[in-house]
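Subject: Structure handover

Hello,

I am passing this structure on to you. Please open it alongside this email and follow along.

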Amino acid sequence: MMQQSRPSSRGHLLSLLALQLLFALTIAYQTLSDDFLRNLTLAESDFDIHNQEGLLAPILIPRVPGTPGQAKTQQHFVNFFRKELPDWTLLWQNSTGTTPVTGSRQIPFSNLIVRKEPPWTKPGQANYLTLVAHYDSKFKPDNFIGAIDSAVPCAILMHIARFVDKYMKQMHEEMVALGELGGTVPMDMGLQILLLDGEEAFGSSWTSTDSLYGSRALAEEWEHTMNPALSSYRDPLSQISLFVLLDLLGSANPRIPSYFLPTHWAYKNMASVEDRMRKLDLLETKTKRPFLYEAGKVPDQFNPSFVGDDHEPFMKRGVPILHLIPSSFPDVWHTLQDDGEHLDMPTVRDWCKIVTAFTLEWLDMMEIVPEPEQS
Ligand SMILES: [Zn+2]
């Protein structure tokens, strides 16, 4: 780990600002205080499986690519971001492909990219904490919902974007007021949400060509998208500071291993957030074993196996990955029982709080810039 200090101008400006702003800065630029953690609230109605005005319920429908459910889900995302976060950038990355079970018909796959970066950054300058989930659902069985797979992760990411927006706005405004024009990794941090399409295989077995339709298309496109000359980062892939993939979250008692040594430091940060929130009694689940139970894993305990998922096309291209997926998979996985009624709502809400806190800490705590570790 490499220590890098904050720009020194923060120190002397404090005296110029009102007490209220001082307080705001204090909470914005440190490891989240206990009080900050206590303020990480969420509206239960957003995750109420019957509330069509909330974040989750509209996603609890079949969402197979090329069907009306896919389009309805996309519309839900667009409506939300346009209304709640109008100054975030929304981009669609589209591709089409055939599958082993849908004949010669070209199936559309559309990834939604939503991002916000500091206002002073030029194209190719910002680095993005990148939070990822897939929104498509399985072709078979008919009427498969995929609540943990991955309607809940999508709703969690929507919540996080809205929750952290006000803090990002405040931080950026303060830095602009100071005349800070960026140019360092900690100052040029943004947040990017990827809602990916076509993760599921259409056929009965997962193959390298029948799965990951959306993520493969996006990673390939970004590999060949060059940022302007003299940008801080040569392409959109290298702008991803960390790719955090949420999948199969929402069943009780998840056990999330630390899969990758190079990002174990990030896993430990999230585990520490979970641990602090449990000790402060801020989480609803009362479990002896934390969700992120492998903070103490040592290098010799890592092995090359991992779970195939949307991170693969990015990992192959050198993007650092934190994969939040339980091992073993929840019992409802790929069955008709993976619906709203089978979710464990305290677990859903706890995940939401943990990943929100991690995101806020990431966006604040960049005096710690990890060096890539050798695996
Ligand atoms: Zn699945």
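This is a predicted model: local features need pLDDT of at least 70, side-chain atom pairs count only at pLDDT 80 or more; totals for chains, interfaces and linings use all residues.

Start with the strands. Six of them form an open sheet, in the order β2-β3-β5-β4-β6-β7. The pairing is mixed. β2 (89-97) and β7 (321-324) stand at the edges. Each has a single partner strand, so one side of each is left without a neighbour in the sheet. From one strand to the next, the twist averages 20 degrees.

What joins β7 to strand β6? Four bridges do, and the two strands run parallel. Strand β6 covers residues 240-246. V244 is partnered with L322 in β7. L246 is partnered with L324 in β7.

Are the faces of β7 covered or open? Both are covered. I321 and H323 are buried on one side. L322 and L324 are buried on the other.

Two helices are worth a look here. Helix α7 (residues 264-279) lies across β6 and β7. Its direction is at about 45 degrees to β7. Helix α4 (residues 68-84) lies across β2, β3 (107-116) and β5 (189-196). Helix α4 runs at about 15 degrees to β3.

**The zinc site**

Which residues hold the protein donors of the zinc ion? They are D149, E200 and H334. D149 gives two OD atoms, E200 gives two OE atoms, and H334 gives NE2. Along the chain, the spacing is D-x50-E-x133-H.

E200 sits in the loop between β5 and α6 (213-223). H334 sits in the loop between β7 and α9 (345-364). The pair therefore ties together parts that are 134 residues apart in sequence.

Buried or partly exposed? E200 has 2% relative accessibility, so E200 counts as buried, being under the 20% cut-off. H334 is partly exposed, with a relative accessible area of 24%.

Last, the second largest pocket. About 370 Å³ of space lies in it. The pocket is lined by 15 residues. Closest to its centre are Q52, E53, G54, P58 and H76. Which element gives the largest share of the lining? Helix α4 does, with seven residues.

Best wishes

Terms used:
Residues are numbered from 1 along each chain as its sequence is written. Side-chain values use heavy atoms; hydrogens and water are left out. Two strands pair if DSSP finds at least two bridges between them. Axes are lines fitted to C-alpha atoms, for helices over the stretch in contact, and angles run from 0 to 180 degrees between N-to-C directions. Contact means heavy atoms within 4.5 Å. Donors are N, O and S atoms within 2.8 Å of the metal (3.2 Å for Na, K and Ca); water is not among the atoms, so sites may look incomplete. Buried means under 20% relative accessible area, exposed over 50%, partly exposed in between (1.4 Å probe, protein chains only). On a 1 Å grid over the protein atoms alone, a cavity is a set of points where a 1.4 Å probe fits but cannot get out, and a pocket is an open set with protein on both sides within 12 Å along at least five of seven lines; lining residues have an atom within 4 Å of a point. Grid points are joined across faces, edges and corners, and a volume is the space filled by probe spheres set on the points.
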